[in-house]
Amino acid sequence: VQLTLLSGSNLRAGDRNNLSDPYVKLGLGAKGFQFCSTVVWKTCEPVWEKEKFIWCGTSEELLKMPLRVKVFDKDASIWESDDVLGCATVNLGPINGATGTRKLEVCLNTQGKLQFLLNWQSLGDGQQQNSFYQAPARVKHEVVHISQPARSKPNTKYIVRQRDKISASLLHRS
């Protein structure tokens, strides 16, 4: 399952200048956040567009888990903690078809919305069981960090943060 963070609209102002420096934490499942977006400075209408987050496993299993979203205002001072601008929990499913794309709008509990693009791909009988995503060979890839949380289900790998596209060779299960 791949989730692309597109933009936010009408987010709450977290700074004295009536703007925010928003960033988003995302988690799939009951506990913890697996991803954190980059900060978009001085806006209540942030645009990320290329922030992609990938959870590997079966689409059927992953889409049953709740997506938890929490938006923060980044504070520049080391003496202040980042302010929470809003949060939400949504279900990604149900899905239609083995492969698909759909837009997802998430309303925060305070004010404002986030827009996402959800992509999923189920493995067919002719595909290998250990690969999730087949990227075009001509695309260059960058993965910042790969880890597996201690409480994750077996055979599920999480990519903690990724900027543009993901390398298919890094997503093969061992």
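Over the ring of which residue does the charged end of Lys 25 sit? The ring is that of Phe 72, and the charged end lies 5.2 Å from its centre. This is a predicted model.

**Open sheet**

- Four strands form an open sheet in the order E3-E2-E5-E6, and their pairing is antiparallel.
- Strands E3 (35-36) and E6 (83-91) are the edge strands. Each has a single partner strand, so one side of each lacks a neighbour in the sheet.
- Strand E2 spans residues 22-28 and pairs with E3 through 2 bridges, in the antiparallel sense.
- Lys 25 has Cys 36 of E3 as its bridge partner.

**Charges over rings**

- The charged end of Lys 25 is placed over the Phe 72 ring.
- Arg 68 lies over the face of Phe 33, and the distance to the ring centre is 4.8 Å.

- The whole structure contains 3 aromatic pairs.
- One of them joins Phe 35 and Phe 53: the ring centres are 5.0 Å apart and the planes stand at 55°, so the pair is tilted.
- Phe 35 belongs to strand E3 and Phe 53 to strand E4, so this pair ties together parts that are 18 residues apart in sequence.
- The C-alpha atoms of Phe 35 and Phe 53 are separated by 7.1 Å.
- Phe 35 is buried, at 2% relative accessible area. Phe 53 is buried too, at 0%.
- Phe 35 also pairs with Trp 55: here the centres are 4.6 Å apart and the planes are at 90°, so the pair is edge-to-face.
- Trp 55 sits in the loop between E4 and H1 while Phe 35 is in strand E3, so this pair ties together parts that are 20 residues apart in sequence.

**Trp 55**

- The loop that holds Trp 55 runs between strand E4 (47-54) and helix H1 (59-62).
- Is Trp 55 buried or exposed? Trp 55 is buried, and its relative accessible area is 0%.
- Its side chain makes a polar contact of 3.0 Å with the side chain of Gln 34.
- Trp 120 is 65 residues away from Trp 55 along the chain, yet their C-alpha atoms are separated by 9.9 Å.

**Nonpolar core**

- The largest nonpolar core has 29 residues.
- Which residues have the most contacts inside this core? They are Leu 26, Trp 55, Leu 67, Leu 114 and Phe 116.
- At least two core residues come from each of these strands: E1 (2-9), E2, E4, E5 (66-73), E6, E7 (99-107) and E8 (113-121).
- E8 gives the most, with 4 residues.

**Strand E8**

- E8 is mostly covered, with 7 of its 9 residues buried.
- E8 runs antiparallel to E1, and 7 bridges join the two.
- E8 also pairs with E7, in the antiparallel sense and over 9 bridges.
- Leu 114 of E8 is the bridge partner of Gly 8. Leu 114 is also the bridge partner of Val 106.
- Leu 114 is among the core residues with the most contacts.
- E7 and E8 form a hairpin with 5 residues between them.
- In the turn of this hairpin, Gly 112 has a positive phi of about 95°.

Key
Residues numbered from 1 in each chain as written. Predicted model: local features only at pLDDT ≥ 70, side-chain atom pairs only at ≥ 80, totals over all residues. Heavy atoms only, no water. Pairing = 2+ DSSP bridges. Buried < 20%, exposed > 50% of the residue type's maximum accessible area, 1.4 Å probe, protein only. Polar contact = N/O pair within 3.5 Å; in protein donor to acceptor, adjacent residues only side chain to side chain. Core = buried A, V, L, I, M, F, W, Y, C linked by side-chain atoms within 4.5 Å. Phe/Tyr/Trp six-rings, centres within 6.5 Å; stacked < 30°, edge-to-face > 60°. Lys NZ or Arg CZ within 6 Å of the ring centre and 35° of its normal.
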